[in-house]
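Trainee: I would like to learn how to read a structure like this one, feature by feature. Could you take me through it with care?

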Amino acid sequence: MSSPDPGCLFVYGTLRRGSQNRFARLLHARARFGGNARMRGRLYRLGSYPGAVSSTAEGEWVHGELYWIEDPRWILSALDSYEGSSFERVKLEVEREAGEHVDAWVYLYRGAPPGT
C-alpha cells in the first residue's frame with residue numbers, strides 16, 4: 001500500500017512559524033516546513049490577525065510559508081474550525097522562493113476588506 005500524497009498548505013498569518021497558538025503548534029507538529037513562498041494577493045489587518053484576498057494586480061503579493069501535510073483531511077478539518085466562517089479554504093497557485101509554482105490550500109478572507 002502506498003502512502004497518501006502530502007497536501008500543501010500556504011499560511012501567511014497566525015499559523016506561521018513562531019506563532020504559539022495551539023493550531024499553529026498542531027500544524028508544526030504534523031507537517032513539514034516547505035519553505036517561504038508567496039501568492040498573488042492583498043493582505044488586510046483585521047484586528048489581531050491578517051486576512052488575504054486574491055488579486056491579479058501587478059506587484060501585489062502575500063508572503064508566507066508552505067507546509068507539506070501527510071494527513072491533510074484531519075489537519076485541514078481542525079484548521080477549518082480555527083479559521084471560522086470568515087475564511088474560505090481554496091486551492092491557489094503559490095510561488096516558492098526558487099520560482100517553482102505549486103498548488104496549495106490557502107485560507108482567504110470572505111468579508112469586505114477594511115475601508116470599503
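Trainee: In which hand does α1 pass α2 in this predicted model?

Mentor: The hand of a crossing tells you which way the near helix is turned from the far one, and in this case α1 passes α2 in a left-handed crossing. The contact is made by F23, L26, L27 and R30 on the side of α1, and by W74, I75, A78, L79 and Y82 on the side of α2.

Trainee: At roughly what angle do the axes of α1 and α2 cross?

Mentor: The axes of helix α1, residues 22-30, and α2 come within 11 Å and cross at roughly 165°. Angles over 145 degrees count as roughly antiparallel, and therefore α1 is roughly antiparallel to α2.

Trainee: Turning to the strands, how many bridges pair β2 with β4?

Mentor: Strand β2, residues 31-45, pairs with β4 in the antiparallel sense over 9 bridges, and A31 has I69 of β4 as its bridge partner. β2 also runs antiparallel to strand β3, residues 50-54, with 5 bridges joining them, and there Y44 is partnered by G51. With strand β5, residues 87-96, β2 is again antiparallel, joined by 2 bridges, and R38 stands opposite E95 of β5.

Trainee: Which residue takes a positive phi in the hairpin of β2 and β3?

Mentor: That hairpin has 4 residues between its strands, and G47 takes a positive phi near 80°.

Trainee: Which elements have the lowest and the highest mean pLDDT?

Mentor: Where pLDDT is low, the predicted coordinates should not be read in detail. Here the chain averages a pLDDT of 91, and 93% of the residues score at least 70. Among the elements of the chain, helix α2, residues 72-83, has the lowest mean, 92, while strand β4, residues 61-69, has the highest, 97.

Key
Residues numbered from 1 in each chain as written. Predicted model: local features only at pLDDT ≥ 70, side-chain atom pairs only at ≥ 80, totals over all residues. Heavy atoms only, no water. pLDDT = per-residue confidence, 0-100. Pairing = 2+ DSSP bridges. Axes fitted to C-alpha atoms, helices over the stretch in contact; angles between N-to-C directions. Parallel < 35°, antiparallel > 145°, perpendicular 65-115°, else oblique. Contact = heavy atoms within 4.5 Å.
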